[in-house]
Amino acid sequence: MLVKTRGIVLNHIKYRETSVIARIYTEALGVQSYIVNGVRKKGPGSRVALFQPFTLLEMVVYTSHRGGLTRMSEYKMAHPFSSIPFDIRKSSILLFLSEMVSRTVKEEEENPVLFHFLYNAIIYFDNQERGFENFHLVFLLQLSYHLGFGPGSGAEIVEQVAFSANAQSATSAPTVMALQAHEQYFDRLLGEPAPGIVPNGRVRRELLDVLIRYYQLHVDKLGEIKSLAILSEVLAE
């Protein structure tokens with residue numbers, strides 16, 4: 001059976017000599033994996049760029065009642081990016097967020113509200129010309145509501161992280177008082193976020209660290225976020 005759907009690429013791995021297995025969050029079918037043949041050919045015929053993280057696609061795909069890997073009948077880019085591929089800060093943020101979504105969104109069923117949030121957020125980010133340095137923080141806060149553990153306040157985030165068993169046992173973890181200093185920033189990011197809310201890169205990194213630890217409390221086996229080191233380096237200032 002063929003299904004026409006939009007999709008958001010989460011990641012891909014190499015498959016055989018010229019193909020990939022792409023993991024895609026689809027509008028109609030949830031998270032699915034597809035074998036895509038011949039996209040890694042050398043020269044002008046290569047289409048592997050269409051399967052980079054958070055690329056937006058229009059697809060016609062095969063489905064199977066047995067589940068597992070299927071294939072695509074047709075695919076094309078749904079929204080060519082105008083800025084993300086040409087801005088290392090944006091591409092690093094997008095790589096990080098795609099890994100977070102890949103590790104937290106698992107369901108193999110449609111969820112139009114979540115799909116539209118992700119799809120529209122990516123387009124909005126691509127269209128932002130300036131003032132996007134806090135985008136990943138706001139994105140993760142908003143995503144947490146779709147995943148069922150959205151906080152009611154900055155204090156809720158800080159308290160859960162500060163008094164978690166892992167935080168209490170970690171000798172290098174920030175003190176409760178140090179974490180509480182960030183409550184005001186989370187409250188403002190949860191409200192009406194503006195570019196100047198977070199004063200500098202150091203505070204931004206600390207807020208992101210707290211947010212990731214908050215996610216780890218709610219998402220089973222979240223694991224190490226490999227793209228975090230790249231993001232931290234790029235957004236050091």
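Student: OK, contact means heavy atoms within 4.5 Å. So what do Tyr185, Phe186 and Leu189 in H7 meet in H8?

Tutor: They meet Val203, Leu207, Val210 and Leu211. Helices here are DSSP runs of H or I with at least four residues, strands are E runs of at least two, and both are numbered from the N terminus. Keep in mind that this is a predicted model: local features need pLDDT of at least 70, side-chain atom pairs count only at pLDDT 80 or more, and totals for chains, interfaces and linings use all residues. Residues are numbered from 1 along each chain as its sequence is written, and side-chain values use heavy atoms, with hydrogens and water left out.

Student: Which residues of H7 are buried?

Tutor: Tyr185, Phe186 and Leu189 are, where buried means under 20% relative accessible area with a 1.4 Å probe, protein chains only. Down the axis of H7, these buried residues fall within an arc of 95 degrees, so they line one face of the helix. That arc is taken from the directions from the helix axis to the C-beta atoms.

Student: What covers them?

Tutor: The cover includes helices H3, H4 and H8.

Student: H4, then: which of its residues are buried?

Tutor: Gly154, Ala155, Ile157, Val158, Val161 and Ala162.

Student: New topic. Which residues touch the most other members in the largest nonpolar core?

Tutor: Phe54, Phe96, Leu118, Phe139, Leu140 and Tyr215, out of 56 residues. Such a core is a set of buried Ala, Val, Leu, Ile, Met, Phe, Trp, Tyr and Cys residues joined through side-chain atoms within 4.5 Å. H2 gives the largest share, nine residues.

Student: What is Leu118 in contact with?

Tutor: Ile8, Tyr25, Val101, Phe139 and Leu143, leaving aside neighbours within four places in sequence.

Student: Last one: is Ser144 buried or exposed?

Tutor: Ser144, in helix H3, has 1% relative accessibility, so it counts as buried. Not counting residues up to four places away in sequence, Ser144 touches Phe149, Gly150, Pro151 and Tyr215.

Methods
Buried means under 20% relative accessible area, exposed over 50%, partly exposed in between (1.4 Å probe, protein chains only).
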